Amino acid sequence: MGQKVHPLSLRIGLGTDWKSHWFGKKRKYREFLEQDVKLRSFIIKKLDKAGFNSVKIERSANSINIIVQAARPGLVIGRGGSGVEELKGEIKKFLQRIDPALASARGGFASGEKLEIRLEIEEIKQANSQAAVVAADMASQIEKRLPYRRVIKQALSKITQNKGVQGAKIMVKGRLNGAEIARKEWLKKGRIPLQTLRSDIDYAQATAYTTYGTIGIKVWIYRGEVFNQ
């Protein structure tokens, strides 16, 4: 049996950076890690229609900086920046709900210090070359009952049209077209050297919720090799 390794975690420190930047001692590490996982999933659900790509979290002594990359940032920012302020308020309420220490201090720490939340919205250029955006778009199309083969072919053609993309692979798995037996099908175009550590590979997965069950979607995009100076 083949041993499956996540393409991004395998290349952390080589061509891929961490999604969270902070330092925590033994007691705080577990709390911060749990907060990051829950906060990231909360933001992904909120920005489902904005072409979400990634959420980076940076922590300092009394502040949290959240960097959101989206293909359609206008849906997040809103008119006059009202959407950003509304999202910041929802994030603060969510953190207070999952962490009793923050709730007891009225939005700060238990010691009385105030917790500052900063939110940055970055626009993605060439959104079709980002695996997370492509996977989410494919999931929405499959949920609308479009034929999965046509969805895969259209997604592959859009990916390979982008400058710098040298290859792509898409896999879908589940009860395709409502079949009784689940199966997986995949399509590939160009090169996908997963065994090479210096290859710049963007990977993402998404789930399409249909009336006959869930369908998993995996997307690999190869952008060439990275040579550190």
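Modeller: Some terms before that: axes are lines fitted to C-alpha atoms, for helices over the stretch in contact, and angles run from 0 to 180 degrees between N-to-C directions. Helices (H or I, at least four residues) and strands (E, at least two) are DSSP runs, numbered from the N terminus. This is a predicted model, where local features need pLDDT of at least 70, side-chain atom pairs count only at pLDDT 80 or more, and totals for chains, interfaces and linings use all residues. Residues are numbered from 1 along each chain as its sequence is written, and side-chain values use heavy atoms, with hydrogens and water left out.

Biologist: At what angle do α6 and α7 pack?

Modeller: About 155°, with the axes of α6 (residues 131-143) and α7 (residues 148-160) 10 Å apart. The two are therefore roughly antiparallel to each other, a label for angles over 145 degrees.

Biologist: Which residues make the contact?

Modeller: From α6, Val134, Met138, Gln141 and Ile142; from α7, Val151, Ile152, Gln154, Ala155 and Ile159. Contact means heavy atoms within 4.5 Å.

Biologist: OK, the sheet now. What is the strand order?

Modeller: β1-β2-β3-β4, an open sheet of 4 strands with mixed pairing. The edges are β1 (20-21) and β4 (116-123), each pairing on one side only. Two strands pair if DSSP finds at least two bridges between them.

Biologist: How many bridges join β1 to β2?

Modeller: 2, and the strands run parallel, with β2 covering residues 52-59. Ser20 has Ile57 of β2 as its bridge partner.

Biologist: Which strands does α2 lie across?

Modeller: Helix α2 (residues 26-46) lies across β1, β2 and β3 (63-70), at about 150° to β2.

Technical notes:
Angles under 35 degrees count as roughly parallel, over 145 as roughly antiparallel, 65 to 115 as roughly perpendicular and the rest as oblique.
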